[in-house]
Amino acid sequence: MADTQINYLGPIPDALTFRQSPNPWWKRLPIGFVVVVALPTLVAAIYYLLVATPRYVSEARFIVRASSQSQPSALGVALQGVGLSTTQSDAFAVHEYISSRDALLELGQRFDIPSILNPRGTDIFSRYPRPWDSRGEEGLYEGFNRFVVVGYNSSTGISTLRVEAFRAQDAMLLNQALLISGERLVNRLNDRANGDAVSEATIARDAAQARLSEVQQKLTAFRNREGFIDPTLAARESSSLIGGLLATVAQLRAERAQLAAEAGQSPQLPILDRRITAYEREIANERSKVAGASGSLAPRVSVYDDLSLQRELADRELTQATAALLSAQQDARRQKLYLDRIVSPNLPDKPTQPRRWIAILTVFATTMLIYGVGWLIWAGVREHSQD
């Protein structure tokens, strides 16, 4: 007799198969991924999408150049990279001033900077002061520099000034005020350069002019005292007169010698002798006027020549000083700096900061990179420990 066999055709109970129910999906996520990537990205998304206060950006572009600056060559552009451009250093001087405490102090005389950087309703991580910032002048300076950025393009020489604020009008007004401060700095640099070069040349010119005027006064006093406009000319006139008298005496002596040879007892001989004696006495008198006596022209001519030489030297010195002054003025005009606005500060019509999605993606990419590097290190350590 055959045994009875019971066949069960239904589903097999889970208790007989020993199968466990699957864990929920959130339990299957790696804890490291959640902590390193998911949580920071979620926090960043909440902050940038729901909390972060929008900021307006006003931009301006300007160039600092000299009046004689020409278009740089390829070599000039290459040399700018090693700091051999004067206008580039001048532009950097403007940059440093814009981001300096002096510029902030000047702005503080026109605007309430703390109120501009901390309007009502601003989130605590964007405004000044943040929870960890100090409330003093140093903290205000550091907070102000978070909202002001100055850049420089070495290939074009154009500088860009970006000012952020929580109100569009504040961003534009601060940008305009900083540009005005930069222009004042350039004007002060020009005044200082002109004062150093032109003032020295002006002092030298004035000193030379004073010396020339002094010598001219001495020469005028000499002429009034001696009664001569030019004693040298008077001496030449006296010499010409003496020369004429000597010629007359020589002619009379020749006539007397001829008459004495032809008629030794002629009554004309005494007359000729008296005439010759009178001419010789006049010659001696004229010679005493030119030189030899205390009242002669010789010492007067010496004084006059000395004064004339002093006047000539002073006149040359004045000419050279005047030329140097003109050259210094021309150099100052050629080297004068200008801050030219290429693009004036704009009034933004919508906020452009912060860039929310770019910031979130940056946080996500950074944390993913950190997580990947950490996972590789952990995998290598675990494989090494198993070996």
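**Confidence**

I started with pLDDT, the predictor's confidence in each residue, from 0 to 100. I took helices (H or I, at least four residues) and strands (E, at least two) as DSSP runs, numbered from the N terminus. The chain as a whole averages a pLDDT of 76, and 72% of its residues reach 70 or more.

Then I looked at residues 71–84, where pLDDT stays under 50 and the model has five contacts beyond four places in sequence. Contact here means heavy atoms within 4.5 Å.

**Ground rules**

This is a predicted model, so I kept local features to pLDDT of at least 70 and side-chain atom pairs to pLDDT 80 or more, while totals for chains, interfaces and linings use all residues. Residues are numbered from 1 along each chain as its sequence is written, and side-chain values use heavy atoms, with hydrogens and water left out.

**Whole chain**

I counted 13 helices and four strands in the protein chain. Of its 387 residues, 30% count as buried, with buried meaning under 20% relative accessible area, exposed over 50% and partly exposed in between (1.4 Å probe, protein chains only). Among contacts with a separation of 6 or more, 79% are between residues 24 or more positions apart.

**The sheet**

In what order do the four strands of the open sheet run? I read β2-β3-β1-β4, with antiparallel pairing. β2 and β4 (337–343) are at the edges with a single partner strand each, so one side of each has no neighbour in the sheet. From one strand to the next, the twist averages 25 degrees.

I called two strands paired if DSSP finds at least two bridges between them. My pairing notes:

- β1 (residues 56–66) and β3 are antiparallel over seven bridges, and T160 in β3 is the bridge partner of R61.
- β2 (residues 148–153) and β3 are antiparallel over six bridges, and V149 sits opposite R162 in β3.
- β1 and β4 are antiparallel over six bridges, and V64 is opposite L339 in β4.

The hairpin of β2 and β3 has four residues between the strands, and G157 in the turn shows a positive phi of about 75 degrees. I also checked cover on β3 (residues 158–165): six of its eight residues are buried.

**H95**

Is H95 buried or exposed? It is buried, at a relative accessible area of 9%. H95 belongs to helix α5 (residues 86–98). Ignoring neighbours within four places in sequence, I found H95 in contact with F62, V150, G151, Y152 and S159.

**Helices**

Next I went to α3 (residues 31–51), which has a kink of about 35 degrees at A38, shortly before the proline P40. For the bend at a residue I used the angle between axes fitted to the seven residues ending there and the seven starting there. The buried residues of α3 are V37, T41, A44, A45 and Y47.

Last, I looked at α6 (residues 101–108) and α8 (residues 137–145), whose axes come within 11 Å and cross at roughly 95 degrees. That makes α6 and α8 roughly perpendicular (65 to 115 degrees). R101, L104 and L107 of α6 make the contact with E138, L140, Y141 and F144 of α8. Axes are lines fitted to C-alpha atoms, for helices over the stretch in contact, with angles from 0 to 180 degrees between N-to-C directions.

Terms used. Angles under 35 degrees count as roughly parallel, over 145 as roughly antiparallel, 65 to 115 as roughly perpendicular and the rest as oblique.
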